[in-house]
Amino acid sequence: MHYHKPQTFEDAIKIAATAQGVTRFLAGGTDVLVQLRAGTVTPDTLIDLKLIPGVRDIVRNADGGWTIGIAVSGAELGRHAALVADWRGVVEGMNLVGSTQVQGRATLAGNLCNGSPAADSVPGLVAAGATVSVVGPNGTRQMAVEDIPASPGRTHLQPGEIVSAIHLPPRGAHGGDAYLRFIPRTEMDIAVVGCAISLTLEGDKIATARVALGAVAPKVILVAEAAAALIGTTLDDSALSALQAAATAAAQPITDRRGTVEFRKDVTAVLAARTARIAYARAKGEAK
Amino acid sequence: MAKDERSTEFRLIGTRPNRPDGLDKVTGRARYGADMTLPGMLFAAVVRSPHAHARILKIDASAALALDGVKAVVTRADFPTGLTGEDWNLQENSMAGDVALYDGHAVAAVAATSRLLAEDAAKLIKVDYEVLPHVIDVDDAIRPDAPVVRVGAADHSVPAGSPPNVVKCIDFGHGDIEAGFAAADLVREQSYKTEATHQGYIEPHACVAQLGADGKGEMWVCTQGQWYIRRMCAAVLGIDASGLRVTPSEIGGGFGGKTIIFMEPLALALSRKAGGRPVKLVMSRSDVLRATGPTASASMDVKLGMTKDGKLTAAKVNFRMQGGAFLGASPVGEALSCALACYDIPAVQHDGVEVLANRPKAAAYRAPGSPMAAFAVESLLDEMCHELGLDPLDVRLKNAVREGVKASYGPTYAKIGLVEVLEATKAHPNLLAKLGPNQGRGIASGFWFNHGGETSVSLAIGEDGTVTVSAGTPDVGGSRASLALMVAETLGIEYEAVRVNIVETGALGVNEPSHGSRATFATGKAAVEAARQAIGEMCRRAAKEWGIEEEAVVWKDGAAMPAGPNAGQFPPMTIAEIGAKMGGNGGPISGHHETNAEGVGASFGAHVVDVEVDPETGRTTILRYLVVQDAGRAIHPAYVEGQYQGGAVQGIGWALNEEYVYGANGRLQNAVFLDYRIPVASDLPMIDTVIVEVPNPGHPYGVRGVGETGITPPLPAIANAVAMATGARIRSLPLSPPKVLAAIKAKGRG
Amino acid sequence: MSKIHVSAVVNGDPVDFLADPRESLLDCLRDQLGLTGSKEGCGTGDCGACSVTVDGVLVCSCLVLGVEAEGKAIGTVEGISDGGTLHPLQRKFIEHAALQCGFCTPGILVAAKALLDQNASPTETEVRYWLAGNLCRCTGYDKIVRAVMDAASEMREAV
């Protein structure tokens, strides 16, 4: 395995362009090293992106949104009070990945690019309307986070393309987001169901909403019908029921060692309602 | 008598000094199986079958051997033939012969100059398989039309015409079972199922092995029983037992899973083939889960008869168990024997079969068989108590076995403490805690026989009067501290003046492993005898120097002294003084004791657990947990508490989340800790413990083994608590959220 | 396949070693530097027995490559005590019998020290969640949590 430490994204792209065999990019390494040790993915070329300037930075943009470097760890995200104040749901999703030790290394970009449908940080990013900058041999482009995952373990990135930054839009006033997942223990499990909701209020009424579900489809899904069930309501019981029905209808889970189809559908409904209540309370400034 | 204050009967027994291995363990100095390095050491990797059942047609290692730095490849062809019985089982399990019998079964091994090179070489070994039909589940394996795991494996107990995978049949009982059920006011019969689990020790199996062409070798290995390992490796490799010295490292957990061999013969065979160079073999976590010794899985029927005021009149149990692809690996006999052991029932009938399946060879896991049996019997008992409106603890007290009662499995009980345990449980404040919505409380009793077994201990007096004890049972739970306490108590010296070493096979006669909860009991008993022997010799030296009769000298407070004023006016001769002089007046002073330890005392326990179940997701949270158990005498109470707490938490994992999940292709799907889910710190509350002491007359200090009983009550106690919290009774483990939610929904529908 | 020369600081001492790029930091600590206190329990970042700190951050050393340690300051269990003086955590673990087999103990000590370095008064719940990535199979965690809380208490009084 050839290990490289490029000092710029351009150098990283060049190395990837000429590499033979399997190429992997390394940020936190909490997926790459597991796959290397298990023998499921043995890269021929490993490109460590952590020495590129800016990859460890969290920057507030002029418009109030955020640009997050691809080597920022979950622990660092969790300690950034202003980011947490704006996008609590995004950060709490990332902070659920693995253990305290994994949090010391794991990154949003890695969690996204590993392509697991159960990734804990992705529903929150999708609900937030996050985008990523992608650099590659053909230049730079912006992509919505929900357009990155393709299927389990695969993304829509072209060979040699690298996610170079994550962008969150401005939170704006009266907004709140939340992420909940179901796991059988209290920590250390892959999500059996994940749900993220981001919404804004006008008075008591929900003005905008985005609902994203994880671990119940081949990739994270943005459920427009679930959002529609919330918009214009005060999150009364009939809105919650409509939300639950829309979320459950959109879920296409499988039965595997972590849960059955029936269970995942039931829990999708439960989490959708619980997540909506938390996001609503945060948007009102009530919940901590 | 509950142990809530320090016993004043003894000076040291019952105190809580620091354990002697503590300093090394908190500084990282302690050396475990993978922490040994020797000059010239090679590294091994193992090629394992990806098929649950397959004929091995051809193994081609030429590409691997062609790599620079690859020193040897072994297959079954490098092992002797002609073994029979359990020796053959062990050899076949270590390395497949003609057929791979389970996913993960070793088929070849390679040694190279680095770990990465060995792993790369292993990938180049080409194995041609012919995949055969496989069977996994115990209820599938017992069918007459099931794929046959191995022809001709059954023993003499199996009647002709039995299904092909049934290899052992057991039945025993006593009393008039028909009359017993006829005398009952309530008779209930239910079926229960448990899945296989793994001991889950955090340290994977690891060894450094060296074997020469002359049949002499050494091995450093994490093991619970270095003599068992020696004997088994010698048989499997065709060498003399005395030619192999096995040194036990510190062990990172065993719980029964490290009492037999798995990969050790491979390391030895590689070393022999590589010209006697030492070979280090460390198993990966997924290989540990796939290819060491999980528990059996069980399918069980229980029928109980009870009068309306809670007296059991008859009991019938029928267990089917699979322990993998090898006869004798399942604990079906022990499970049957434990099933009704807590209760005085006039008529009992036990039937069981062992069934082969394409799964790894099961090994012991902390009271093997007892937890599954308790899950079934204690669940049904609880159901019947609730149906009759009776208090579950009172019913257990009403039926509890006592001294002099004939046990369900045959012998008559000597002094035991179940009644004391149940009474202490009833009196505990946890039972007064108020329960809220979706919360439930469950209780259950548990039992383990404990074991004596072959024991050999040696004790030597040092020139300065400090004492060295050579013991043979690896320290899994703090037994070095307990042994030192018992020896120091016996000799009347300070705890710090006794050093206990766990020695290699060349240094003592045979010792059985640290299994059966026997270390503090059997090694302790032998150590006390060895100390008494040394005391006798030290008194003789004093008598000789004083010119008085041996009988006129007694040992007190660490010194020899005249028995009375008539014996003579001599000041006490301390152990230090005797040690200083011994070279000149007779030579080294030591004591030793070899025995097959008898006088074992069973340990009974009762657990109480409060749970809350989320009615929308089926997730169970443990709110409160109490372990009450009879230790006989707690030599070191902190280590007894540790056994109670550790066993309870393993049981919690087994009840809620742990199970072996196989795919349709017979491959293990959850061979990593991510998906083989053991309890984590945030899952649990503090585990409350009460040590009851009903001393065992068979041990000089009253010790009963405590390590195993604790894993037995959690399975039914939690099932009972979940049933109370949800109103839904679940009769299979684990009580995973999908299963619990489905049960809640089914109950809601009618 | 050529190895890469790595220079780092481990427990305050400058070290160099040669790392195959595929070797983890755990492999390098144990096999190249002879620091066998950090253990491999799983190789997948699920058990925490390999816990170390890298530039003060608690990580699983099985999830860091040896080559990534270039220029970093690594802290292992061997560096917790100060010469012959045990850290309060180490003393409390022995006093509370918070270890049985001891295999998880190095990782738990490194993790607990990282907690107390940033939070001098953790609650029981905070201790349990911080240590959720450190598996113990012997103790049931009860005495471990008590030892950590007691060490924290002693360290607060000493300040």
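**Close-up views of a predicted model**

**View 1. Strand β10 of chain A and its two partners.** A:Trp66 stands opposite A:Leu168 in β10(A). Keep in mind that what you're looking at here, and in every other panel, is a predicted model. A:Trp66 belongs to strand β5 (residues 66-68) of chain A, and this strand pairs with β10(A) in the antiparallel sense over 3 bridges. Strand β6 (residues 131-136) of chain A is another antiparallel partner of β10(A), this time over 5 bridges. For a landmark in that pairing, look for A:Val135, which sits opposite A:Ile162 in β10(A). How many of the residues of strand β10 are buried? The count is 7 of the 7 in β10 (residues 162-168), so the strand is largely enclosed by the rest of the structure.

View 2. A:His174 is in the loop between β10 and β11 of chain A. Buried or exposed, where does A:His174 fall? Its relative accessibility is 54%, and the cut-off for exposed is over 50%, so A:His174 counts as exposed.

View 3. One opposite pair to pick out is A:Ile197 with A:Val211, the latter in β13(A). As a reminder, strands of a sheet pair through backbone hydrogen bonds, either parallel or antiparallel.

**View 4. A three-strand open sheet in chain B.** The order is β4-β2-β6 in chain B, and the 3 strands pair antiparallel. At the edges are β4 (99-100) and β6 (126-131), which each pair on one side only. β2 (residues 54-60) and β6(B) share 6 bridges in the antiparallel sense. To get your bearings, find B:Ile56, which stands opposite B:Tyr129 in β6(B).

**View 5. Two helices of chain B, α12 and α13.** The axes of α12 (residues 392-399) and α13 (residues 418-426) come within 10 Å and cross at roughly 160 degrees. That angle makes α12(B) roughly antiparallel to α13(B). The crossing is left-handed. From α12(B), the residues B:Leu393, B:Asp394, B:Arg396 and B:Leu397 meet B:Val419, B:Leu422, B:Glu423, B:Thr425 and B:Lys426 from α13(B). Sorted by type, the contact has 4 nonpolar, 1 polar and 4 charged residues.

**View 6. The surroundings of B:Phe181.** B:Phe181 is part of helix α6 (residues 177-182) of chain B. With a relative accessible area of 10%, B:Phe181 is buried. Which residues does B:Phe181 touch, not counting residues up to four places away in sequence? They are B:Val187, B:Lys303, B:Leu304, B:Gly305, B:Ala314, B:Ala315 and B:Lys316. For a sense of scale in chain B, B:Phe181 and B:Glu529 are 348 residues apart in sequence and 49 Å apart in space, C-alpha to C-alpha.

**View 7. A cis peptide bond in chain B.** The bond joins B:Leu733 and B:Pro734, and omega is about -5 degrees. B:Pro734 is in the loop between α18 (714-726) and α19 (737-749) of chain B.

View 8. C:Asn11 is in the loop between β1 (4-10) and β2 (13-19). C:Asn11 is another residue other than glycine with a positive phi, near 50 degrees, and it is partly exposed at a relative accessible area of 26%. C:Ser38 lies in the loop between α1 (25-32) and β3 (51-54). Its relative accessibility is 2%, so C:Ser38 counts as buried. Leaving aside neighbours within four places in sequence, its contacts are C:Leu26, C:Leu29, C:Arg30, C:Ala49, C:Cys50, C:Ser51, C:Val52, C:Thr76, C:Val77 and C:Glu78.

Technical notes. Residues numbered from 1 in each chain as written. Chains lettered and ligands numbered in written order. Predicted model: local features only at pLDDT ≥ 70, side-chain atom pairs only at ≥ 80, totals over all residues. Heavy atoms only, no water. Buried < 20%, exposed > 50% of the residue type's maximum accessible area, 1.4 Å probe, protein only. Helix = DSSP H or I, 4+ residues; strand = E, 2+ residues; numbered from the N terminus. Pairing = 2+ DSSP bridges. Axes fitted to C-alpha atoms, helices over the stretch in contact; angles between N-to-C directions. Parallel < 35°, antiparallel > 145°, perpendicular 65-115°, else oblique. Left-handed = near helix turned anticlockwise from the far one by under 90°. Contact = heavy atoms within 4.5 Å. Nonpolar A, V, L, I, M, F, W, Y, C, P; charged D, E, K, R; others polar.
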